[in-house]
Amino acid sequence: MKKLFQKNTETVDLNRRSFMISTATAGLVMAFAPALFSGELSAKESIAQQSFSPTIWWTMNQQGEVVVSIAKAEMGQHVGTALARIVADELECDWDKVSITYVDTHEKWGYMVTGGSWSVFQSFKPLSQAGAAGRIALIDAGANMLGVKPEQCHASKGRIIAGDKSLSYADIVKNGEFNRTFSSEEVAKLPLKPANKRHLTGLKQDFKALDIPAKTNGTAVYGIDVELEGMVYARPVIPPTRYGSEVTQVDDSAAKTIKGYKGFEILNDPSNTVQGWVVVLADNYPSAIKAVDALKVTYKKGQTANVTEADIQSLGEKLCNDSSAGTLFVNEGDTAKMQAEATQSLESLYTTATASHYQLEPLNAVAEFKQDKWIIHTGNQWQSLTLPALAKALEVEQNNVIIRPYYLGGGFGRRLFGDWTVPAALTAKAIGKPVKLVFTRADDSLFDQSRSASTAKLTASFNENGELSAMEHAFAAGWPTKAMAPGFLSPGVDGKGKFDAFSASGADHWYSMDNHRARAINNELAQSTFTPGWLRSVGPGWIVWSLESFIDEIAYKQGIDPVEFRLSMLDGKGKQAGKAPESVGGALRLNAVLKKVSAKVANVKLGENEGIGFSVSSGQERNMPAWIATAAHVHVNKSDGKITLKKLYAVVDAGLIVHPDGALAQLEGSLLWGTSLALHESNNYQNGQVAATNFNTYLPLRMQDVPDMDIEFVQSDEFPMGLGEPGVIGVAPAIGNAVFNAVGVRLRNLPMKPNELKAGLTA
């Protein structure tokens, strides 16, 4: 198989740009050239005049120290280390001399988003090229200084070597001359290292992470740490409905008795991000907390004030049962014809409950107006989505708003669209002072962008020989993209209607099926009750729960081993063959990891009421597949219905593993997150709001329930995939399938609750 690193002409969905390398301010700078680089200015002149766009990729000073600019959010995933390793590997520099810096939202840095497990996937090619261009420029300059030809030189760990002569990068930057432009055509042809020449990326590499020391020695600064001179503290009063609430009266007589209380503001938001909001002000945060609790606010409530979880689920089921509802996401073959001709059919309904983010650091932002700019200090994942809302709310041009980056105490999708920054900015505008708005855990919970409750109906059709002839998958939920980024909605495959691809991914699976139809349906009641949010694993987290559980159901109906049934359909034929560069090998790679995980558990001895279940997943999205096979070993206590997850096994083929330590941490965290969603955590809407607002009622996975884990990465030289979220996806169906194998009960609702299991045992 031809390996990725031998391909010089393929890119991953990125605009082709020119590069410039030049000396500036006593150092070496690598920058983008303008998109339409005229060549009228040299690289040296362009960099001196800052006529580049959108960003400086890295700089090297006269000591050979490299600083890599990171335009991503750090929320525990060590993204800075991973991206710096990509640059440093191709640049062939000394890792001990590499550091990172996180940049703000100045327009020169371009579009900014950290989510979807995209960071390494989307950055790998351009960052590799940026490093390779630097290496070539250093070789050229070093060769000139050594009096040899460039082809006689090679770079190694911060030195240019030609036979028995060598120069350090520091010497070259200090004394050499750099004024080099790489055209977009030259960039596309830059010779990247083959896998066996890499010294900083790959499974066999183990180097220090650049972003861990600050987190362990207390020097890391999170959004909630920000303090500005003269600022006022604020806490919001969360209205009774997400949309449509109006403040009719505020009585702050009791709040006035609290020392430090400084009044309140009723916000008027031109962006309609926050509706019916009151913000309380104080000179310290404890006083702000007390003042909100003492305040009496009267509202005209919005139309969803009486909505419940049961209402949302009831509509979801109704929509899934309506064959005309939704937008076609997949439409292979003639599913309707096969359904009409079927001699047998199998139908199941699966649900997931509302899930909350509950990131460790509650929402917070500091807003200030300084030097004719609005500066927002916060940890935000999707700055380019947040900036327009801030600008609209403040009624200013977008280039007059800057978001300053800080470490995020957890994001998990909640900190993508930064809606919490809007009330901070509006309050600062209203009082003419810097404002630090901090949400309590309860405030955070009530304002959360919950993962919508979901419903999925699957129907399998069988021919006269009892063979699967067609499958239909209908799934309904609130759509994050419709609520927060409607411009990203996708057209149906038949050209009719639009759908949220992030809430449909996973239904476009890698099994070969001649007749397969998938319908994505928006649950309008969920959509109008709250802002549905992206939560770690997004759509596949609930869609694959139903799909992979149902695949087991089909296998058992046909009397086929579920693993063998999957392997037979993971044949890599037709569209399931994949494509270069992101999915080379296609379903055959999923086939391979399933075989590996099956072999791992083949000799596990099962006790009474124990079972092992399997699932496969290819999250996050079809055009960015991390191939994962998951096996779950469970024990079921028949007397109380408790499910104990004894061990999780995962075999992962995610292409080149850029940062092995980080990759392992991501898999461990995501597998446990998947366990938590499968067996423990859920929320529910009552009277238009979530009922559980703190950890005494919202019950995620606890330490005593953490399973053993066996995680294996497949050695691969293919294109690197994202790993922040995919591990979540396969856990729930693997557990559900294991429970069925243990005691014969098929659970179809997440989380899997003891009372439902006990009911199944007596049914």
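In which helix is Thr421 found? Thr421 belongs to helix α11, residues 421-431.

## Basis of the model

The model is predicted; local features require pLDDT of at least 70, side-chain atom pairs count only at pLDDT 80 or more, and totals for chains, interfaces and linings use all residues. Residues are numbered from 1 along each chain as its sequence is written, and side-chain values use heavy atoms, with hydrogens and water left out.

Helices (H or I, at least four residues) and strands (E, at least two) are DSSP runs, numbered from the N terminus.

Not counting residues up to four places away in sequence, Thr421 touches Ala365, Ile376, Thr378, Thr386 and Leu390; contact here means heavy atoms within 4.5 Å.

Tyr299 is located in strand β14, residues 296-300. With a relative accessibility of 18%, Tyr299 counts as buried. When residues up to four places away in sequence are not counted, the residues that Tyr299 touches include Val237, Ile238, Pro239, Pro240 and Gly276. Between Tyr299 and Ile375 the separation is 76 residues in sequence and 32 Å in space, C-alpha to C-alpha.

## Nonpolar cores

A nonpolar core is a set of buried Ala, Val, Leu, Ile, Met, Phe, Trp, Tyr and Cys residues joined through side-chain atoms within 4.5 Å. The largest such core holds 138 residues, and Trp58, Leu138 and Ile735 touch the most other members. Helix α3 gives the most to this core, contributing 14 residues. Leaving aside neighbours within four places in sequence, Leu138 is in contact with Leu28, Met60, Leu91, Ile160, Tyr169, Ile172, Val173 and Phe178.

A second, separate core comprises 30 residues, among them Ile376, Leu387, Ala391 and Ala428.

## Salt bridges

Side chains of opposite charge can pair when their charged atoms come close. With a salt bridge defined as a side-chain nitrogen of Lys or Arg within 4 Å of a carboxyl oxygen of Asp or Glu, the count comes to 33 salt bridges. One of them joins the side chains of Glu74 and Lys215 at 2.6 Å, N to O. Glu74 lies in the loop between β4 (66-70) and α2 (79-91) and Lys215 in helix α6 (residues 213-217), so this pair ties together parts that are 141 residues apart in sequence. Glu74 is buried, at a relative accessible area of 2%, whereas Lys215, at 27% relative accessibility, is partly exposed.

Glu90 and Arg135 also meet through their side chains, at 2.8 Å, N to O, in a salt bridge. This pair links distant parts of the chain, with Glu90 in helix α2 and Arg135 in helix α3 (residues 119-146), 45 residues apart. Glu90 counts as buried at 0% relative accessibility, and Arg135 counts as buried at 12%. A further salt bridge connects the side chains of Arg517 and Glu472 (2.9 Å, N to O). Because Arg517 is in strand β25 (residues 516-522) and Glu472 in strand β22 (residues 468-477), the pair ties together parts 45 residues apart in sequence. Both Arg517 and Glu472 are buried. Through shared partners, salt bridges join Asp89, Glu90, Glu92, Arg135, Lys193 and Arg198 into one network.

## Cysteines

A disulfide is a pair of cysteine sulfur atoms within 2.5 Å, and by this rule the count comes to zero disulfides. Cys93 is in no disulfide, and the nearest cysteine sulfur, that of Cys153, is 18 Å away. Cys93 is buried, with a relative accessible area of 1%. Cys320 is likewise buried, with a relative accessible area of 1%.

## Sheet and helix geometry

Strands of a sheet pair through backbone hydrogen bonds, either parallel or antiparallel. Two strands are taken to pair if DSSP finds at least two bridges between them. Strands β15 and β25 run antiparallel and are joined by five bridges, and Glu332 stands opposite His516 in β25.

Helix α18 (residues 660-679) has 20 residues, which at 1.5 Å a residue should span 28 Å; the end C-alpha atoms are 29 Å apart, which agrees. The expected span is 1.5 Å times one less than the number of residues in the helix. Helix α18 is mostly covered, with 14 of its 20 residues buried.

Conventions: Buried means under 20% relative accessible area, exposed over 50%, partly exposed in between (1.4 Å probe, protein chains only).
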